[in-house]
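Take a walk through this structure with the model open beside you.

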Amino acid sequence: MIVHWQRPFGGALRCGALALVVAALAPQPAAATTKIERFNTPAGIEVWLVRDPAVPLIALNFGFRGGSTQDPAEKAGTANMMASLLDEGAGDLDATAFHERIERKAIELSLTTGRETIRGTLRTLKENQDEAFELLRLALNAPRFDASAVERIRAQIISRLQRQSTNPNEIASRTWWGTAFPGQPYGRPVSGTVESVASITADDMRSYLKRVLTRDTLKIGIVGDIDAPTAGRLVDRAFATLPAQGTPTAVADATPQGIGRTPQGIGRLILVDLDVPQAVVTFGGLGIKRSDPDFMAAYLMAHVLGGGSFTSRLYREIREKRGLAYGVSANLLWLDHSAVTLGGTATRSDATKETIDLIEAEFARMAKEGPTQEELDKAKTYLKGSFALGLDTSTKIANQLVSMQLDNLGIDYIERRSALIDAVTLADTKRVAKRLLEDGLLVAVVGRPQGVTPR
């Protein structure tokens, strides 16, 4: 991830843009409902726009399908390293000159690499919009990959990877993913390894850029004081000269491995020895695709089980009743070619076995019984109310516009979301709980827990 000069612009745009989205969520006459504008630029690029003339600011979010799944198998971390270098000099500007121009105009530019996407954010004052989009054009279309910058970023990434090699949370996560998806793109670390990052060349990154950052998978969301013609002109400036079609490497559908009942428990357990005060536990099981008709039922069920709130079953049993951990959660994670239910916690070495037993017991109980009607009703109320509160900045709203496109939810999803939640019945959640949870868990433990053995 690269983030430069994250200067606050103040709350006016946040309040104005949030008001637009809240208006879309609230019941009211159709004429008063805020509408997301969808249009194609002169170059044919689709844009979703929420206008907010309250203050002269513009927030752009964009996403490409690809991410680390498109890394060459022997060069994991290519996408992450490439994204980290896009603002380290472009066109006629070396890294110092590029950074100075961004800083001088108070422009914010960041890119994030995930398993299946590369996401970017640009924030700028309206008066600087032309320069901001020109710098974005240079970063995406003409990155320099100067040797000095490549080696500096490589050293930074390798240093971070070396630190992560002794971090129990990182070890637990990598162990879980590597075991669940052995030999598959999802099993490779997004940031790569010390060995793989050391082998990545500038040509590798140029090749990735041409293969993956292409217009056919591009999604764009904009929020701010800008009209459609101006937005179309600026979007074309930054993106129209990218390759029209990509040449992605095919990714096969994959089911997480290592999940299933064993004689010793309800799932496989991997133990990584590390001398740390607490044991870190990463656990996960089967998930559900975002396009599955049962997704919303699974989403509500997962919230009841471990959705990060203070009312989840896992939090109540492990934190509130017994004080075994500061926090514990489990959530759905959906991918294009797989899906998991993934959670984690950390606890005392002498309490690790009890904590894991409780996690497995709650998964088994949910699989057998599902949630109660009261739990389901509370989950519905919470998830409907919290959605708008999570859109408290223009950047978050623009990010949501892109996420809706990447997940193929439709431009009216914000208006339909509450009804989709309300339509879920208790029987739906019981059915999906059995479907996803009865096969058990894959558990990765890092530390020196007492009484815990691999299985």
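Aspartate 273 is exposed, with a relative accessible area of 53%. Here buried means under 20% relative accessible area, exposed means over 50%, and partly exposed lies in between, with a 1.4 Å probe and protein chains only. This is a predicted model: local features need pLDDT of at least 70, side-chain atom pairs count only at pLDDT 80 or more, and totals for chains, interfaces and linings use all residues. Residues are numbered from 1 along each chain as its sequence is written, and side-chain values use heavy atoms, with hydrogens and water left out.

Aspartate 273 belongs to strand S8, residues 267–273. Helices (H or I, at least four residues) and strands (E, at least two) are DSSP runs, numbered from the N terminus. Leaving out residues up to four places away in sequence, aspartate 273 touches Gly447 and Arg448; contact means heavy atoms within 4.5 Å. With arginine 448 there is also a polar contact between side chains, at 3.0 Å. A polar contact is a pair of N or O atoms within 3.5 Å; within protein, one must be able to donate a hydrogen and the other to accept it, and residues adjacent in sequence count only if both atoms are side-chain atoms. Proline 449 is 176 residues away from aspartate 273 along the chain, yet their C-alpha atoms are separated by 8.8 Å.

Now step back to the whole chain. It has 16 helices and twelve strands. Its C-alpha atoms fill a box of roughly 65 × 60 × 40 Å, taken along the principal axes. For 455 residues, a compact globule would have a radius of gyration near 23 Å, and the chain agrees, with 23 Å. That radius is taken over C-alpha atoms, and the globule rule is 2.2 Å times the number of residues to the power 0.38. Of the 455 residues, 54% count as buried. Among contacts with a separation of 6 or more, 83% are between residues 24 or more positions apart.

What lies inside? In soluble globular proteins, nonpolar side chains tend to be buried together. A nonpolar core is a set of buried Ala, Val, Leu, Ile, Met, Phe, Trp, Tyr and Cys residues joined through side-chain atoms within 4.5 Å. The largest one here has 56 residues, and Met82, Leu213, Ile220, Ile222 and Phe239 have the most contacts inside it. Helix H4, residues 129–141, gives the most to this core, with seven residues. Phenylalanine 239 is in contact with residues beyond four places in sequence, including Ile45, Leu60, Phe62, Phe64, Leu136 and Ile220. Apart from this core lies another, of 54 residues, among them Phe295, Ile359, Ala379 and Leu401.

Aromatic rings come next. The structure holds nine aromatic pairs. Rings of Phe, Tyr and Trp (its six-membered ring) pair if their centres lie within 6.5 Å; planes under 30 degrees apart count as stacked, over 60 as edge-to-face and the rest as tilted. Phenylalanine 62 and phenylalanine 64 make an edge-to-face pair, 6.1 Å centre to centre with 75° between the planes. Phenylalanine 62 is buried, at 0% relative accessibility. Phenylalanine 64 is buried too, at 0%. The rings of phenylalanine 295 and tryptophan 334 have centres 4.9 Å apart and planes at 85°, so this pair is edge-to-face. Phenylalanine 295 lies in helix H10 (residues 295–306) and tryptophan 334 in strand S10 (residues 325–334), so the pair ties together parts 39 residues apart in sequence. Phenylalanine 295 is buried, at 3%, while tryptophan 334 is partly exposed, at 28%.

Tryptophan 334 has a charge over its ring as well: the charged end of arginine 290 sits 6.0 Å from the ring centre. Such a charge counts if NZ of Lys or CZ of Arg is within 6 Å of the ring centre and within 35 degrees of the ring normal. Arginine 115 lies over the face of tryptophan 177, at 3.6 Å from the ring centre. Tryptophan 177 is also part of an aromatic cluster with Trp176, Phe181 and Tyr186.

End with two more stops. Helix H11, residues 313–320, has Arg313, Leu314, Tyr315, Glu317 and Ile318 as its buried residues. They pack against strand S9, H10, S10, helix H12 and helix H13. Threonine 78, in helix H2 (residues 78–85), is buried, at 1% relative accessible area. A polar atom of its side chain lies 2.7 Å from the backbone oxygen of lysine 75.
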